[in-house]
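Hi everyone, thanks for coming.

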Amino acid sequence: MGTRASLMLDVVFLAMFAVVIVLGISISAVRSGNFRLHKRLQLTLAGILLVAVVLFEVEMRLYGWQERAAGASGDGVSTLVWGALYSHLVFAISAALLWPVVIWRAWRGFPSPPSPGSHSSSHRLWGRVAAGAMVMTAVTGWVFYAVAFVA
C-alpha cells in the first residue's frame, strides 16, 4: 500500500475492515432472527481469524516490525508507536480470549439448529463484550499501523 509495512501487515490492515463489516452483518442477522446465518458467520470469522493470526504471528516472529516502524531515521521505535501497540494488544488479547469462550459456550448452550433459549441472555452480554473487543482490536490496529508505518 506504499507504506513501510510488510505485505502481511497491509493484508491484515485491510482484512480488519472486512471483519468489522461481516461482524456487523452477523449481528444484524441475529437481530432479525436469522440465528443460523449468525452462527455460520461467527464460525467462519473465527476460523479465518485463527489462520490469519497464526500467519501474522509467524511473520512477526520471523521478520519483525521494529525496523520498518523506525523508518529511515534509525532512532528506534517511538513511544507513541509503543503506546499504540500496547493499547492494541489489550483489545487483541481480550478478543482472542473472549471469542473462543463465547463460541464454545454458544455451541454447548444452544440447540441445533440454533434458536433462543436459556443461554440467550448470557450469550447476548458476552457476545456484545467480545464484539466490542473485536471492533476495538480493529480500531487500535489501524491506529498502530498509521503511527508505526505511515507517519
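So, in which kind of crossing, left-handed or right-handed, does α1 pass α2? The crossing is left-handed, meaning the near helix is turned anticlockwise from the far one by less than a right angle; clockwise would be right-handed. Quick background: this is a predicted model, where local features need pLDDT of at least 70, side-chain atom pairs count only at pLDDT 80 or more, and totals for chains, interfaces and linings use all residues. Residues are numbered from 1 along each chain as its sequence is written, and side-chain values use heavy atoms, leaving out hydrogens and water.

Helices here are DSSP runs of H or I, at least four residues, numbered from the N terminus. Helix α2 covers residues 35-63, and its axis lies 10 Å from that of α1, at an angle of about 165 degrees. That angle makes the two roughly antiparallel, a label for anything over 145 degrees. Axes are lines fitted to C-alpha atoms over the stretch in contact, with angles from 0 to 180 degrees between N-to-C directions.

Who touches whom? Contact means heavy atoms within 4.5 Å. On the α1 side we have, among them, M8, V12 and S26, and they meet a set in α2 including F35, H38 and E59.

Now α5, residues 120-150. Its axis and that of α1, residues 7-31, come within 10 Å and cross at roughly 155 degrees, so α1 and α5 are roughly antiparallel too. This crossing is left-handed. The contact includes D10, F13 and F17 of α1, and W142 and Y145 of α5.

Notes: Parallel < 35°, antiparallel > 145°, perpendicular 65-115°, else oblique.
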